[in-house]
Amino acid sequence: MAKYSVHQQPVETLLSWIKSGDIAIPEIQRPFVWKAAKVRDLIDSLYQGYPVGYIITWRSPDVKLKNGELSAGKKVLIDGQQRITALTAAIVGQRVLNKNYKEINIRIAFNPLNEKFEVLNKAYEKSPEWVNNINPIVNDEITISKARKSYMELNPEADEDLIEQRIEKLKKIKNQHVGIIELDASLDIDTVTEIFIRINQKGVVLSNADFVMSKIASDEQHGGNKMRKMVDYFCRLLVDKGFNKHIVDNDPQFVASKYYKAIKWMATGNDDLYCPDYIDMLRVAFTFKFSRGKFSDLVALLSGRNFETRTYENEIAAASYSKLSEGLGAFVNQTNYQRFIMILKSTGLISRKLISSQNSLNFAYALYLKLRDDGLSEPEIQGYVKRWFVLSVFIGRYSGSAESRIDEDIKQINTKGIAAYLLQMEQVHLGEGFWDFGLINDLESSSVNNNAYTLYLAAQVNSNSGAFLSKSMTIASLIEQRGDIHHIFPKQYLIANGYPQKAYNQVANFVYTEQATNIKVGKMSPNEYLSKIKEQINDGVNEISTIDDNDALIENIRINDIPLSIIQATHSDYNQFLKDRRKLMAKKLKTYYESL
């Protein structure tokens, strides 16, 4: 018996399904992840008559939808959500939910003169050559005649017949056909989920984490569907506090569950240092409760896989869902979450822009939950978590083959204990060669996202260092106020002396200082602006710097790990200055790590 049928439908029919709600998006689908430019490309392909791929639907009365209802004969969209949502946004004009859980409008502009499409911005909006929004034309809200007249009023020199022809061609987008594969209604949700996974393996990045989300979304026997909602809702509440009202108003069944009670505190939470997505939440919960790192293992366990007998058992599936529920519950627990954030901040990493490795964060949180579960004291937990997290960032532990490294580390910690394994990792990776050579080499970079540099900033925050040439402003306060980094050897000064961008933008030439100070330093060489500051201190004037004492000036230079040779430095000293400062920065980083 055939498992599917293939046919074609015009875009107009798809739009009618969207407007009537006849196409339903099940819980196994994902948010809208296309960039707006890709929506433009889809519209352009339809305009040109190019094929735009297939969508896959499945008609079944028993699939749970995102709003908690049953599909009740609707066409459940299994694949093609991104294209359908793009049409919804560009043609129907509905707002869409992006990957950051924000509702957005996507408007596509059209230029009849050159038959180009673009995402609407202020430039196109102000240009008379562009139709600001194709939605009213394609959606039959205005006639071709009215659209042509409006365009000609703004572009009287245009060829009226040509404009009418191209507006008519635009309107015919809705007549273009889209391929539809309709899956047989007799297929069960597990089979449909498997089809979804296989189709998307070569499309938008889809991992075993997505498979886990699909798996738990389709499970009602063990409460997997409510776990899925908890994950989705928690991630959205992180960035959209107002969404709590939507949950309360529209999902009373979930509100009555233990899962809502576990996450509702986030509706008033305001910390954005650790902003996990659904993959991060699964990663932490799985690593913590299962002591494994590979999502493929979780897929197997939720299916009841017995790794010893290579059979599938209902008892294992039930136990796995229970453990995953416990892990997710521990993740969203307010006390756990907020104490972990406090540990992160105590390392000096007080801003998202200082944290370059999400997987290091995830493992650190899993480690925190595990050590709490093991009964270690809070001071012990804090010490181990801080050192492990900073070590993992130093060495880029999870920058490649993350799953394998996570799997290895959690198993080693289980076998050897955190104290012994941490010491082993320090001996292997943080020997004298690392501090004296490897770290200095890492600091030879022009990227502010460099791990060594972001940890250097954390070290300065941790030691409450003052901003360069400032009496009272700290580096921590400038980072929190989203202040900017500036050049010790001013950029324009180095450019004027023949230094290329890669040279003058070295992180060893960066420092946090107040904007007013940076402006007054301008293009002066270090010896020039420091000489003026010393003169102003002697004269009792605070024009360039707020520092009013010569000893305080020297101390300020020292705490910013700047060689004292800077006082007499010109551009000819710049390369040696970089070498000397990297050594001082590395020395501070070593002291910082040893203090954790």
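This is a predicted model: local features need pLDDT of at least 70, side-chain atom pairs count only at pLDDT 80 or more; totals for chains, interfaces and linings use all residues.
Arg40, Asp41 and Glu118 are joined in a network of salt bridges.

The side chain of Arg148 meets that of Glu160 at 3.0 Å, N to O. Because Arg148 lies in helix H6 (residues 144–154) and Glu160 in helix H7 (residues 160–171), the pair ties together parts that are 12 residues apart in sequence. Arg148 also forms a salt bridge with Glu164, with the closest N and O atoms 3.0 Å apart. Glu164 lies in helix H7 and Arg148 in helix H6, so this pair ties together parts that are 16 residues apart in sequence. With a relative accessibility of 12%, Arg148 counts as buried, because the cut-off for a buried residue is under 20%. Glu160, at 38% relative accessibility, counts as partly exposed, and Glu164 is likewise partly exposed, with a relative accessible area of 30%.

Another salt bridge is formed between Lys471 and Asp548, whose closest N and O atoms are 3.0 Å apart. Lys471 is placed in the loop between helix H23 (451–462) and helix H24 (475–480), and Asp548 in the loop between helix H28 (526–539) and helix H29 (550–559), so the pair ties together parts that are 77 residues apart in sequence. Lys471 is exposed, with a relative accessible area of 56%, whereas Asp548, at 42% relative accessibility, counts as partly exposed.

Asn336 is located in helix H17 (residues 334–346) and, at 8% relative accessibility, counts as buried. A polar atom of the Asn336 side chain lies 3.0 Å from the backbone oxygen of Ala330. When neighbours within four places in sequence are left aside, Asn336 is in contact with Ala330, Tyr365, Tyr368, Leu369 and Arg372.

The average pLDDT of the chain is 88, and 90% of the residues score at least 70. Over residues 202–206, however, pLDDT stays under 50, and the model has 9 contacts beyond four places in sequence for this segment.

Definitions and conventions. Residues are numbered from 1 along each chain as its sequence is written. Side-chain values use heavy atoms; hydrogens and water are left out. Helices (H or I, at least four residues) and strands (E, at least two) are DSSP runs, numbered from the N terminus. Buried means under 20% relative accessible area, exposed over 50%, partly exposed in between (1.4 Å probe, protein chains only). A polar contact is a pair of N or O atoms within 3.5 Å; within protein, one must be able to donate a hydrogen and the other to accept it, and residues adjacent in sequence count only if both atoms are side-chain atoms. Contact means heavy atoms within 4.5 Å. pLDDT is the predictor's confidence in each residue, from 0 to 100. A salt bridge is a side-chain nitrogen of Lys or Arg within 4 Å of a carboxyl oxygen of Asp or Glu.
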